[in-house]
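Have a look at the model first, and then we'll go through it piece by piece.

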Amino acid sequence: MEVDPQQAFEEILSSEKYLERLSSMANRGVEAFTLDFEDVLSYNFELAHSLVDKPDELLKHASNAAMQRLRVASPDYAEQVKGLTVRVSQLPEVTPIREIGAKHVGKLVMVEGVVVRSTPVQPLVVTAAFRCRACGEVTPVPQDGEFLRQPYRCQNPDCHRSGCFDFVESESEYVDSQSLRIQELPEELPPGQIPTSLDLKAVGSDLRDAARPGDQVKVVGVVRASSTFMPKGGRPRTLKIHVDVNNIIPVSREPESLNISPEEEAKIKELAKDPWVHKKLVQSIAPSMYGNEHVKEACLYLLFGGVPKKLPDINVRGDLNVLIVGDPSTFKSQLLRYVVTVAPRGVYTSGRGTTAAGLTASVIRTEKEGVTLEAGAMVLADRGIVAIDEIDKMRPEDRVAIHTAMEQQVVPVAKGGIVATLNARTAVLAAANPQFGRYVEQRTVIENINLPPTILSRFDLIFILKDVPDKEVDAKVSRHVLGLHRTRGAAVQPPIEQELLRKYVAYARNITPVLTPEAEDRLHEFYLKMRQASSDGSMAITLRQLESLVRIAEARARAALRAEVTAEDAEAAILIMNRSLQDVGIDTSTMKVDVDTIMTGKPKSMRDALAVLLDVIFELQRETGMAELKAVFDEAERRGIPASECERLIAQLKRDGTVYEPREGYLKKT
Ligand SMILES: [Zn+2]
């Protein structure tokens, strides 16, 4: 049966639901409303099919029909508006981004992905006004292409010349437009593949900032093929694909949507009942890699994570951050890759970043779109895990932004006219190489790692892997590796296979365990004992570590699908925290603990000298806005810091970013 499209749409839109939508649209002064695709589908299958097949034509009919209905619903508003935009809600199926191609050109599709890039909202000319240089008459020209089109002839009948014209900005008409780019979701990316992306063009004030980088969205739109540059005398035969956005539908970034069947759920619950479940889980992480059980255990806690808390004044993160520092030959990279594959959402990157956006975010300038905000790995990993290999090699911009990203879990951006705050609610598993190629025992952790203490202190756990020859261990590793080759991997069948582990983690992350009084007591006692161990004003353990302990204990409870954090969880958390403290050079057995030394990289006496020096710089700076280097040296010497020491400390302060040299021979506190 042939249907008249406009009449059909008028019938669909005559229901109570749409009359309400149209009036509400009129009340808000908007010129767009949503048409549910399923209503079209249930009205007439052919019509729905045509809408997907010939969207440009059909949407025009729908818009005309909506206008008819608006004249009934809100006649006054109908008088004011020029036309209505019909936005289509969810199509029945999502077309994978990597499948969008020639056969989709001109068709309506729905794609899903994460926004990686956006430009600021820019005015797009819909009607361009051109003034004739000969007679001054203004001719309006409707625009739809990529480039401004001039009138053929002046519209003044007495003139009718074909040139020259000047574009009149003030008399032209504009709409808001924004270019976006979406990319395949990290969790849907086939292993080892580079993510495919798709450019979008969103037009209309109701779509203003509908999505920012890092947001997960479904996008309904029409696929277009266009040539980027128009060379003189023709168009290139291969065109670039983009999507003209019809509708943007935000999707929550929770990755729990992993399809867990009832059978799998039963298996997961069964596993969790095992008193040795933690051991089994640890053994299932990177099973072909021998040893370093404590590092695997930390990765396990990182996968499950603690519970984020929203306090009235601050948000406390639930995600754990773990750093592995190791000699180049150790298994860091392999472990990072493994953890990413079992994470419900995992992003693997290197410190240098795999895109221009790096680890956090970047404002970049492209020839075609101008200023563009692009999401980095930590934003793409929102609500998941980011594994950063060679974090010590990160870009200077990331060194600044990563502090906020790791603690507040957001990436603030204010650059090039773009002001935005992007979510980066992600656990960080990072690896770093020692600064001198190998870990040097005689030096402190800070000296061994090329990372500022302020970043180190954002890690809940830090482990050092040293490749030291040890006859006994070497023999075991050798047997393990040879065994792998002999049995072709059969010897390392993990107790829980990879895909089930991934679902196990996703399932467990929905649990929000609560500390039992016993668990609280254990953590409390440990904290007090460690605090007392510090005597002469040096800070032993800090509240940061206490929060870390809570997160670890919560993660351990989650791993057993428990809603309660037990004393056993608390003790396991203390054990692994102790191991980490020992690794970074603290002797926990004698309780000679000075976390401050580790985290600030300065022993107490040097800290005192630093404090004096900072005072000096600050006092001098107060007078003239800057501290003259020579005056700093003189004053520091007067207060008992020798020039050589002073020079070393200033170098360190500059490295930390505490002071900088605004100009030659002067210092300034940041
Ligand atoms: Zn003219």
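Three strands make an open sheet here, lined up as β23-β25-β24 with antiparallel pairing. Strands are DSSP runs of E with at least two residues, helices are runs of H or I with at least four, and both are numbered from the N terminus. Two strands pair if DSSP finds at least two bridges between them. β23 (627–628) and β24 (659–660) sit at the edges with a single partner strand each, so one side of each has no neighbour in the sheet. β24 pairs with β25 (residues 666–669) in the antiparallel sense over 2 bridges, and Y660 stands opposite K668 in β25. In general, strands of a sheet pair through backbone hydrogen bonds, either parallel or antiparallel.

A word on where this comes from: it's a predicted model, where local features need pLDDT of at least 70 and side-chain atom pairs count only at pLDDT 80 or more, while totals for chains, interfaces and linings use all residues. Residues are numbered from 1 along each chain as its sequence is written, and side-chain values use heavy atoms, with hydrogens and water left out.

Now the metal. Which residues coordinate the zinc ion? They are C132, C135, C154 and C159, each through its SG atom, at 2.3 to 2.4 Å. Donors are N, O and S atoms within 2.8 Å of the metal (3.2 Å for Na, K and Ca), and sites may look incomplete since water is not among the atoms. Along the chain, the donors follow the spacing C-x2-C-x18-C-x4-C. The site is tetrahedral, with angles of 100 to 115 degrees among its 4 donor atoms; for four donors, that label needs all angles between 85 and 135 degrees.

How covered are some individual residues? Buried means under 20% relative accessible area, exposed over 50%, and partly exposed in between (1.4 Å probe, protein chains only).

| Residue | Relative accessible area | Class |
|---|---|---|
| C132 | 2% | buried |
| C135 | 35% | partly exposed |
| Y290 | 32% | partly exposed |
| M67 | 9% | buried |

Y290 lies in the loop between α8 (277–283) and α9 (293–304). M67, by contrast, belongs to helix α5 (residues 55–73).

Stepping back, the protein chain has 23 helices and 25 strands. Its C-alpha trace spans about 95 × 70 × 50 Å along the principal axes, and buried residues make up 49% of its 670 residues.

Note on methods: Tetrahedral: all angles 85-135°; square planar, octahedral: opposite > 155°, others 65-115°.
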